[in-house]
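Trainee: Could you take me through the salt bridges in this one, pair by pair? I'd like the distances and the exposure of each partner.

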Amino acid sequence: PPLGALAKKYHSSVGPRSYPQSEQDQRFLELVVQANVQGVIFYHEEGDDTLGWDYPNQKAMLDRKGVPSIYLHGQSYWTPDIEAQKKAVSGLIKAIGERHE
């Protein structure tokens with residue numbers, strides 16, 4: 001049946017999205033813990049309509065684990081604000097350093 005074929009195609013395609021999102025979020029947190037991640041940079045390109053939906057839950061999970069993060073939201077692909085990015089990343093590095101003092 002056509003609808004069944006479409007559902008099968010899009011639920012088994014290789015890509016960054018899979019459902020339920022809660023399983024992906026849990027896998028994300030497991031990777032953070034396993035790798036002893038010290039900080040996370042969320043990068044959201046302007047026009048990307050997917051990451052913005054995942055970010056709040058993933059940030060909350062990181063906060064509960066005490067892992068600092070930054071969210072570079074709506075970043076231009078063609079003309080990124082390099083100075084703002086440097087400032088945000090420097091702040092993250094400082095926060096990581098303060099956790100280890």
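Mentor: Start in helix 2, where arginine 27 and glutamate 30 both sit, three residues apart, or about one turn of the helix. (Helices here are DSSP runs of H or I, at least four residues long, numbered from the N terminus.) The two form a salt bridge, with their closest N and O atoms 3.6 Å apart; the term takes a side-chain nitrogen of Lys or Arg within 4 Å of a carboxyl oxygen of Asp or Glu. Keep in mind that this is a predicted model: local features need pLDDT of at least 70, side-chain atom pairs count only at pLDDT 80 or more, and totals for chains, interfaces and linings use all residues. Residues are numbered from 1 along each chain as its sequence is written, and side-chain values use heavy atoms, with hydrogens and water left out.

The cut-offs: buried is under 20%, exposed is over 50%, and partly exposed is in between, using a 1.4 Å probe and protein chains only.

The structure holds three salt bridges, so on to helix 3, where lysine 59 and aspartate 63 are four residues apart, about one helical turn. Their closest N and O atoms are 2.9 Å apart. Lysine 59 is partly exposed at 25%, and aspartate 63 is partly exposed too, at 45%.

Then there's helix 4 (residues 82–99), with glutamate 83 and lysine 86 three residues apart. Their side chains meet in a salt bridge at 3.7 Å, N to O. Glutamate 83 counts as exposed at 54%, while lysine 86 is partly exposed at 48%.

Terms used: Helix = DSSP H or I, 4+ residues; strand = E, 2+ residues; numbered from the N terminus.
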